[in-house]
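This report looks at how one protein chain is put together. Please keep the sequence and the structure in view while reading.

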Amino acid sequence: MKNKLEKLKQKTLKVVEIFPQGFKVKYKFAYLKAWLDKKQLSFKKFSSSDNQDEYDLAFVNLEKEWILDGICQEINKYCDKITYFHYSLYNIPKAKAYFFAHYSLFKEAILKNPQILGQVNLVFYTHSRNIGVMEQELVYFLKKGTYILTMNTACEKMLIEKGVDSAKIKTVLGGADEEKFSKVEKIRGKKPCIGFSVRYSDQSLYDRKNYELVIELIKKLDFSDIILLGTDWEKHKEFINVQSLSYFQYVNVFYDEYPKYYQKMDIFVSVSKLEGGPIPLIESMMCNVVPVVSNTGFAPDIIVNGKNGFIFDVNSTADDIIKIIKQALEIETDVRATIQHLTWRNFSKEVQQLAGLL
């Protein structure tokens, strides 16, 4: 009798462990189903009788025309395997490996498609934000991924501190098209050109871009020409006060035209409070532009302060940043040479290797 009770206890513990204490009650049965289904599929993965085509790599996303969808497209561009773009969390097709464009998608994908747990799952982690999942729950599901791909080492360190196995985390810095964003030699002694590349949004989610500071800097940088690459800035209440400045140019163009504007810049400025990248940092540096950016995202991973750019504290004032910009104008470093390995071709290759496709 004692032995039977002990066996029952062990079986109960195995089931309970799939939803740690504190998880939302409404998900418990879904977790149980996912766990049981995985037990059935962990060895056979997908049934050989499944009449769906099998892809080498499936990209899972919800939005087209999103920057993360653009990154998926860049991975695919340099991949000669059979790939598929799936814009839903339902009916995810059979594939050898999956790339989830954002970590917020992974939990629901598992619950709706538990069979994917038998495959390689790459989960892209851009930066921390509130996705409506408590931390314990998020960490639990991230641990189910094969690899968590972080955009910078700061996120890698943070996830390790929260309990994700370090062996599962791989930092893969972003990239740029090295042919499209080509190097331009800077002309010394001319009026400098300072550039920003940031889209405006009046949604609170995007307060991290520090729009007010961008406007303040544009007003104060009257010793230079200013280029602002972006969209929807007409919606900002203060934009009318900078739009008519003689040294200011607002550029709302298709992405394919961005390189020619980066090539006009001497200094690239980003004042965000929170970033995964930003990707425009690499794009501008590929054009040999000196960066002056906030201490966020992968800036500390690619910038050696005072050598190939400058990093300032996220709480810096406009006057603090302007002083640094004036220092940056004296840098003669070949900026492109310091980041020329950060291409989408190399990024794609690293993703494919982690997916087991190379």
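## Strands and their partners

In β9, the residue Q249 is the bridge partner of I227. The structure shown here is a predicted model. Strand β8 (residues 225–229) and β9 run parallel and are joined by four bridges.

Both strands belong to an open sheet of six strands, which has the order β9-β8-β7-β10-β11-β12 and parallel pairing. The edges of this sheet are β9 (248–251) and β12 (310–312); each has a single partner strand, so one side of each is left without a neighbour in the sheet. On average, and with direction ignored, neighbouring strands of this sheet are turned by 20 degrees against each other. Helix α7 packs on the sheet and touches β7, β8, β9 and β10. The direction of α7 makes about 165 degrees with that of β7.

A further open sheet of six strands has the order β2-β1-β3-β4-β5-β6, and its pairing is parallel. Its edge strands are β2 (83–86) and β6, each of which pairs on one side only. Here, too, neighbouring strands are turned by 20 degrees against each other on average, direction ignored. Within this sheet, β5 and β6 run parallel and are joined by three bridges. T150 stands opposite T171 in β6.

For the chain as a whole, the count is 14 helices and twelve strands. The protein chain has 358 residues, and 50% of them count as buried. Among the contacts in the chain with a separation of 6 or more, 66% are between residues 24 or more positions apart.

## Helix α6

Helix α6 lies across β4, β5 and β6 and runs at about 165 degrees to β6. Which residues of α6 are buried? They are C155, M158 and L159. These residues cover an arc of only 95 degrees around the axis, which puts them on the same side of α6. A general rule of helix geometry fits here. An α-helix has 3.6 residues a turn, so residues three or four places apart point the same way.

The buried residues of α6 pack against β4 (120–125), α5, β5 (147–150) and β6 (169–171). The face of α6 turned away from its buried side carries K157 and E161, which are exposed.

Both ends of the helix have a feature to look at. At the N-terminal end, N152 caps α6: one of its side-chain oxygens lies 3.2 Å from the backbone nitrogen of A154. Just after α6, G163 takes a positive phi of about 115 degrees.

## Salt bridges

The count of salt bridges comes to 20.

| Salt bridge | Distance |
|---|---|
| K162 and E135 | 2.7 Å |
| R208 and E275 | 3.5 Å |
| K220 and D319 | 3.2 Å |

The side chains of K162 and E135 meet in a salt bridge. This pair links distant parts of the chain, with K162 in helix α6 (residues 153–162) and E135 in helix α5 (residues 135–142), 27 residues apart. How accessible are the two partners? K162 counts as partly exposed because its relative accessibility is 34%. E135 is also partly exposed, at 47% relative accessibility.

R208 forms a salt bridge with E275. R208 lies in the loop between β7 (193–197) and α7 (211–220), and E275 in the loop between β10 (267–270) and α10 (279–286), so the pair ties together parts that are 67 residues apart in sequence. Are these two residues buried or exposed? Both R208 and E275 are buried.

K220 forms a salt bridge with D319. K220 is in helix α7 and D319 in helix α12 (residues 318–328), so this pair ties together parts that are 99 residues apart in sequence. K220 has a relative accessibility of 34% and therefore counts as partly exposed. D319, with a relative accessible area of 42%, is partly exposed. Elsewhere, salt bridges that share partners join K107, E108, K112 and E137 into one network.

Conventions:
Residues are numbered from 1 along each chain as its sequence is written. This is a predicted model: local features need pLDDT of at least 70, side-chain atom pairs count only at pLDDT 80 or more; totals for chains, interfaces and linings use all residues. Side-chain values use heavy atoms; hydrogens and water are left out. A salt bridge is a side-chain nitrogen of Lys or Arg within 4 Å of a carboxyl oxygen of Asp or Glu. Helices (H or I, at least four residues) and strands (E, at least two) are DSSP runs, numbered from the N terminus. Buried means under 20% relative accessible area, exposed over 50%, partly exposed in between (1.4 Å probe, protein chains only). The arc is that of the directions from the helix axis to the C-beta atoms. Contact means heavy atoms within 4.5 Å. A polar contact is a pair of N or O atoms within 3.5 Å; within protein, one must be able to donate a hydrogen and the other to accept it, and residues adjacent in sequence count only if both atoms are side-chain atoms. Two strands pair if DSSP finds at least two bridges between them. Axes are lines fitted to C-alpha atoms, for helices over the stretch in contact, and angles run from 0 to 180 degrees between N-to-C directions.
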